[in-house]
There are 2 protein chains.
Amino acid sequence: MTFTFIDGGITAPKGFLASGVHCGIKNRKKDLALVYSESECDAAAFYTTNKIKAAPLVVTKEHIEKGKISGIVVNSGLANALTGERGLMDAREMASLAGFALRCSPEKIIVSSTGLIGKYLPMDKIRLGIQMASKSLGATRKHARDAALAIMTTDTVPKEAAVVTTLSDGTRITIGGMAKGSGMISPELKRWQATTLSFITTDASISSVALESMLESSLDKSINMLNIDGDRSTNDMCAILANGKAGNRKVLDVDPGFQSALTALLQSLTKQLARDGEGAKKLIEVRVIGAKDERDAKIAAKAVVSSNLVKCAIFGEDPNFGRIITAIGASGADIVEDKVSLTLASESGSVDLISNGKLLALVDDKNYRLARQLLHNSKIDILVNLNLGNGEATAWGCDMSYDYVRINAEYTT
Amino acid sequence: MTFTFIDGGITAPKGFLASGVHCGIKNRKKDLALVYSESECDAAAFYTTNKIKAAPLVVTKEHIEKGKISGIVVNSGLANALTGERGLMDAREMASLAGFALRCSPEKIIVSSTGLIGKYLPMDKIRLGIQMASKSLGATRKHARDAALAIMTTDTVPKEAAVVTTLSDGTRITIGGMAKGSGMISPELKRWQATTLSFITTDASISSVALESMLESSLDKSINMLNIDGDRSTNDMCAILANGKAGNRKVLDVDPGFQSALTALLQSLTKQLARDGEGAKKLIEVRVIGAKDERDAKIAAKAVVSSNLVKCAIFGEDPNFGRIITAIGASGADIVEDKVSLTLASESGSVDLISNGKLLALVDDKNYRLARQLLHNSKIDILVNLNLGNGEATAWGCDMSYDYVRINAEYTT
């Protein structure tokens with residue numbers, strides 16, 4: 001499949017405008033984002049599987065099920081979760097205000113919040129914010145960046161990506177996206193579900209059914225294979241909007257070119273999220289092959305990126321193969337000790353640590369010291385071959401540093 | 001039920017001897033323990049569910065299935081896991097040497113190892129250690145303590161308990177126990193399974209079938225409700241030996257007095273383990289009531305003690321009720337937002353934070369500050385009423401501090 005990454009974010013596809021402003025929910029930083037499409041969009045979304053769902057998710061789900069979408073309003077700083085009836089009224093008012101400012105009905109607005117749980121939204125500030133944001137909408141690189149900045153919480157950098165590809169009918173289209181999330185990140189792959197906040201736009205014309213199906217498939221190979229700290233949020237959401245400005249014949253089923261480009265875009269956002277995990281110093285990519293089946297490969301790969309002990313070892317630059325194999329052994333995936341192979345790699349090289357169960361590195365020997373050197377890099381690859389079947393999967397995560405504890409002991413989410 | 005804790009450990013019941021020595025696997029600290037019963041014991045054991053199982057577990061399972069047990073040999077420093085055929089031979093040799101020193105057949109020996117994974121045992125040192133340990137066996141308080149010290153890895157204090165109770169036939173009996181474990185602790189409640197190392201002795205006469213049944217039931221209310229870091233070891237084991245020296249009529253089924261005392265003893269060891277979790281500053285006890293059923297209560301309680309974000313919040317003395325409810329929402333247990341109640345307590349008092357979904361404490365208000373004060377204590381109680389049914393469960397864990405990261409980034413397990 002052919003696709004090309006370009007510099008850009010949520011406004012890269014034709015006909016999408018965005019803005020990000022500071023309205024006072026946070027002390028100084030931007031805290032309210034708007035996204036607006038010049039023409040109505042087909043849309044699909046996935047939401048957290050957490051049984052406690054924040055008010056904006058309830059409202060967004062209603063609106064997506066009703067049909068077309070014109071815009072997205074997101075605030076950061078407060079999650080509007082555990083806020084009961086009042087929280088629901090506040091989320092509806094956010095849709096109403098955004099609809100008024102963008103000249104569409106409230107049902108055409110996606111509402112999203114992220115931040116501290118258990119505190120009511122300051123609606124006076126939100127009102128002001130939506131007014132300001134609607135007046136500063138634009139389609140430039142800076143507008144996209146402002147929106148990406150305005151949805152951040154403990155994130156240290158904004159996450160954006162844009163990719164260009166060609167549909168089956170030959171039309172060249174663009175997909176853009178932004179995401180946020182640094183802690184409380186452990187997505188799960190169900191229908192009423194997703195992970196972190198991520199918003200994707202495209203100028204392709206695609207039915208909502210096709211969007212949902214392709215988004216689900218791409219999420220399973222990207223954000224749903226991300227684990228930062230094992231805690232699953234009440235506010236996670238991923239939404240995609242397609243406004244049809246590219247003029248293609250409407251896609252009603254899976255378009256292979258779009259599917260590949262969407263997966264690549266979401267994988268880019270996933271790696272950006274993992275690298276900026278709370279306190280993270282290193283991005284960890286775990287590739288499991290040779291698993292009994294794909295399900296086993298997925299749970300094995302996720303078990304490794306989810307292990308606190310593996311994460312601490314990587315932070316300490318200790319090639320602790322015992323912890324990696326132990327995590328897979330506990331994951332539920334089939335593993336046979338004398339078949340497993342393990343390789344550590346980074347941009348400075350690659351070292352085989354275990355081959356068909358045989359230890360090629362013993363603690364403190366030459367291979368162990370070589371592996372230790374590899375771990376000085378900021379991206380670490382862990383490659384596991386279970387040698388049992390054809391199942392393959394990749395998962396992403398980050399190391400666990402003192403800063404993870406500091407951030408979560410000192411910051412109230 | 002009536003039972004009384006007494007000062008003591010593994011040698012508290014009649015007829016059990018123990019010792020702990022330094023044989024050079026570790027640099028300076030004790031690293032080899034022996035336990036010996038003057039008469040043969042009925043026995044039962046549970047083992048890790050990790051699919052990678054250390055060599056000593058394979059050998060111990062064979063021996064327990066063959067029948068009577070006379071002794072236990074344990075080394076710390078190295079786990080003899082991921083060591084293949086050679087590891088299995090080494091574990092068998094440990095049983096053989098201990099059997100020779102204790103004048104019994106190798107099949108009457110339980111073998112256990114704990115420490116670094118992926119390194120072969122130094123059998124010359126083990127041989128010397130078993131010889132020394134067999135010559136220093138004794139039944140005093142100090143002998144029990146020496147054995148408890150010799151099985152420690154990153155533990156900072158030994159874990160011991162002893163309790164006296166009366167059986168149905170009126171016989172007064174004693175149960176003693178020791179345990180170790182500070183990291184890689186996340187037990188699961190299956191048959192070929194258990195958690196950390198814990199060894200229990202009793203002078204009651206009890207069949208191995210009854211021992212297994214009562215041990216399983218007590219583990220489900222104690223060590224199996226413990227989570228320190230979510231990582232499940234390859235070496236976990238819990239074994240119980242009953243030598244019959246108390247002279248009771250042999251227990252063939254559940255004895256309520258024994259069952260209660262065994263549960264209390266294991267809960268005492270569980271709290272000692274939780275309080276000494278790697279880097280732990282605070283013991284956390286989570287009690288969930290009003291769950292739909294017992295299973296829901298268990299997964300909800302375990303989800304709270306397992307949440308990195310909750311653990312960091314407790315370390316930071318932040319009464320972050322949002323993270324607690326979010327953890328339960330993601331656990332799979334049924335939860336209805338407007339029915340849940342949450343109370344934080346410690347020895348300095350108790351504060352209701354949520355009542356039937358209504359927030360009684362908002363971030364930074366008076367109740368929130370009261371709750372923050374409670375968290376200055378070293379034992380924190382989290383009480384959750386889901387108000388949905390009669391399910392109840394208690395789980396134990398600890399906070400997550402900078403030292404957890406330091407220990408696991410700098411120490412190779």
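Biologist: How many residue pairs are in polar contact between domain 1 of chain A and domain 2 of chain A?

Modeller: Bear in mind that this is a predicted model, where local features need pLDDT of at least 70, side-chain atom pairs count only at pLDDT 80 or more, totals for chains, interfaces and linings use all residues, and side-chain values use heavy atoms, without hydrogens and water. Residues are numbered from 1 along each chain as its sequence is written, while chains are lettered from A and ligands numbered from 1 in the order in which they are written. A polar contact is a pair of N or O atoms within 3.5 Å; within protein, one must be able to donate a hydrogen and the other to accept it, and residues adjacent in sequence count only if both atoms are side-chain atoms. With both residues at pLDDT 80 or more, the count between domain 1 of chain A and domain 2 of chain A is 5 residue pairs.

Biologist: Which helix gives the largest share of the side of domain 1 of chain A that touches domain 2 of chain A?

Modeller: Helices here are DSSP runs (H or I, at least four residues), numbered from the N terminus. The largest share of that side of domain 1 of chain A is 5 residues, and they come from helix H6 (residues 256–275) of chain A.

Biologist: And which side chains meet in a salt bridge?

Modeller: A salt bridge needs a side-chain nitrogen of Lys or Arg within 4 Å of a carboxyl oxygen of Asp or Glu. Between domain 1 of chain A and domain 2 of chain A the count is 1. At 4.0 Å, N to O, the pair is Lys271(A) and Glu285(A).

Biologist: How much area do domain 1 of chain A and domain 2 of chain A bury between them?

Modeller: The bounds, 3–275 for domain 1 and 283–409 for domain 2 of chain A, come from an automatic or database domain assignment. Buried area is the accessible area (1.4 Å probe) that two parts lose on being put together, summed over both. For these two domains of chain A, 58% of it is on carbon and sulfur atoms, and the total is about 1,400 Å².

Biologist: What about the two chains: how many residues of chain B are in contact with chain A?

Modeller: Contact means heavy atoms within 4.5 Å. 98% of the interface residues of chain A are also interface residues in chain B, so the copies meet through the same surface. Chain A and chain B bury about 4,800 Å² between them. Chain A brings 58 residues to the contact, and chain B brings 57.

Biologist: Which residue of chain A has the C-alpha nearest the axis?

Modeller: Copies are superposed by least squares on C-alpha atoms of residues with pLDDT of at least 70 in both. Chain A goes onto chain B by a rotation of 180° with 0.0 Å of shift along the axis (RMSD 0.0 Å). That's the relation of a two-fold axis. At 2.7 Å from the axis, the nearest C-alpha in chain A is that of Tyr402(A).

Methods: Helices (H or I, at least four residues) and strands (E, at least two) are DSSP runs, numbered from the N terminus.
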